[in-house]
Amino acid sequence: MKYNFDEIIDRRGTDCVKYDDLNRTFGRTDLLPMWVADMDFRTAPAIIGAAEDCCRHGVFGYTFRSEEAKQAFIDWVALHYGWPVKPEWISISPGIVTALSVAVRAFTEKRDKVLILTPVYPPFFAVVTENGRELVCSSLVVENGHYEVDWADFEDKLRQGVKLFILCNSHNPVGRVWRAEELKRMGDLCCKYGVLILSDEIHADLALPGFKHTVMASLSEDIAAHTLTAMAPSKTFNIAGMMNSLIVSSSSELLGKYNREMLALHLDVGNIFGHVTLKAAYREGGEWLEELRIYLGRNVDFADEYIRHELPYVKMLRPEGSFLLWLDFRPTGLRHEEVGRILTEKARVGLNDGSAFGKEGIGFRRMNVGCPRAILQEGLERIKKAF
């Protein structure tokens, strides 16, 4: 491989949440952090070069997203997803979580119902409840060895007056890369009941080898007219700290409502490094990403084999996308809290608490394998020894 994903980079002392903010979540600092969803890899050389060029210029004034940056994104999604996007369909947000909150405020009123599929990324809960909306949950179910939508329950919830459906596509934490037919069924049901779709597709580019991401809005004109899509280079290229996301809709009505709320909150400027690295990522990051996806796939293979042979009391359903494992510790027979204590105090490994992803996550932990294989192996060996 051209790029060295085995390189171990010391991130401590850089004010990064993953390494330097352990005490806030776990009550100690001596853990191997395998929790926050960013990777331990150096980003693509083209992105580093773009940031260095910007830094050498030495003037960091107010900056807007250029037409060239928009075109780089348009070319990227056309190439990878066959999704034709026009420049006027594109808006901005500092981050996708910010966009989720802005969209909830733009498209719903107080006490309106907002639907999510659980277990799911914790901010999905927060952007609904913290804005005074009613949270409606439809639990995913395990069928045929992976999580699937409970279609009867999903439609039942939609017909109860839901105004907005927030979709995680691909799904965090269970690792599903939704098939086109699944997305089409979700989208058609939302159109049937007049429910708007907010599709968080931040993990789109990280479908693992053998799987293909589908953009919800690409499936039909009707679905597109009901959908606001959120994308970013942040997870893909490990540049989450650049705070630069893309919000896309072919519906001028939807995009107009989103933009009015965003402008009312003065979130439309972005930062200079976010703009230049976004353009570099989508223009020149493809080769790096292909090697990354192969490396992540091999990490998943390594973890899967290790867990099956060395950790028989842990169950893992193989993810289809991203670098996050959803681990079931219920076969240990231990209470959820006791598993957490053993992981923190004996294994000294920091994993995300599954209960933060909804009641369906009790008994589970989320593990980040976006790291050099030596770190992944150490984490798994610590867990084996502790239990």
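**Helix 4 and helix 12**

I looked up which residues join helix 4 to helix 12: Glu68, Ala69, Ala72, Phe73 and Trp76 in helix 4 meet Leu278, Lys279, Ala281, Tyr282 and Arg283 in helix 12. Contact here means heavy atoms within 4.5 Å. I recorded seven nonpolar, no polar and three charged residues in this contact of helix 4 with helix 12. In this count Ala, Val, Leu, Ile, Met, Phe, Trp, Tyr, Cys and Pro are nonpolar, Asp, Glu, Lys and Arg are charged, and the others, Gly among them, are polar.

I note that this is a predicted model, in which local features need pLDDT of at least 70, side-chain atom pairs count only at pLDDT 80 or more, and totals for chains, interfaces and linings use all residues. Residues are numbered from 1 along each chain as its sequence is written, and side-chain values use heavy atoms, with hydrogens and water left out.

I then took the geometry of the pair. Helix 4 (residues 67–81) and helix 12 (residues 272–284) pack at about 35°, and their axes lie 8 Å apart. Axes are lines fitted to C-alpha atoms, for helices over the stretch in contact, and angles run from 0 to 180 degrees between N-to-C directions. Helices (H or I, at least four residues) and strands (E, at least two) are DSSP runs numbered from the N terminus.

**Helix 7 and helix 8**

I read an angle of about 25° between helix 7 (residues 151–158) and helix 8 (residues 180–192), with the axes 10 Å apart. Helix 7 is therefore roughly parallel to helix 8 (angles under 35 degrees count as roughly parallel, over 145 as roughly antiparallel, 65 to 115 as roughly perpendicular and the rest as oblique). Helix 7 passes helix 8 in a right-handed crossing. I listed Trp151, Phe154, Glu155 and Leu158 from helix 7, which meet Glu182, Arg185, Met186, Leu189, Cys190 and Lys192 of helix 8. The residues of this contact are six nonpolar, no polar and four charged.

**Strands**

I checked strand 3 (residues 113–118) and found five of its six residues buried. Buried means under 20% relative accessible area, exposed over 50%, and partly exposed in between (1.4 Å probe, protein chains only). Strand 3 runs parallel to strand 4 (residues 134–139), joined by six bridges; two strands pair if DSSP finds at least two bridges between them. Lys113 stands opposite Glu134 in strand 4.

I also followed an open sheet of four strands, ordered 11-12-15-14 with antiparallel pairing. Its edge strands are strand 11 (315–316) and strand 14 (352–353), each pairing on one side only. Five bridges pair strand 12 (residues 324–328) with strand 15 (residues 364–368), and Leu324 stands opposite Asn368 in strand 15. Helix 14 (residues 336–347) lies across strand 14 and strand 15, at about 30° to strand 15.

**Backbone**

Most residues other than glycine have a negative phi, and most peptide bonds are trans. I noted a cis bond from Thr118 to Pro119, with omega near 5°; Pro119 lies in the loop between strand 3 and helix 6 (123–129). Asn172 and Pro173 are also joined by a cis peptide bond, with omega about 25°.

I found a positive phi of about 65° at Asp15, which is exposed at 73% relative accessible area. Ser322 has a positive phi of about 70° and is buried at 5%.

Key: A crossing is left-handed if the near helix is turned anticlockwise from the far one by less than a right angle, and right-handed if clockwise.
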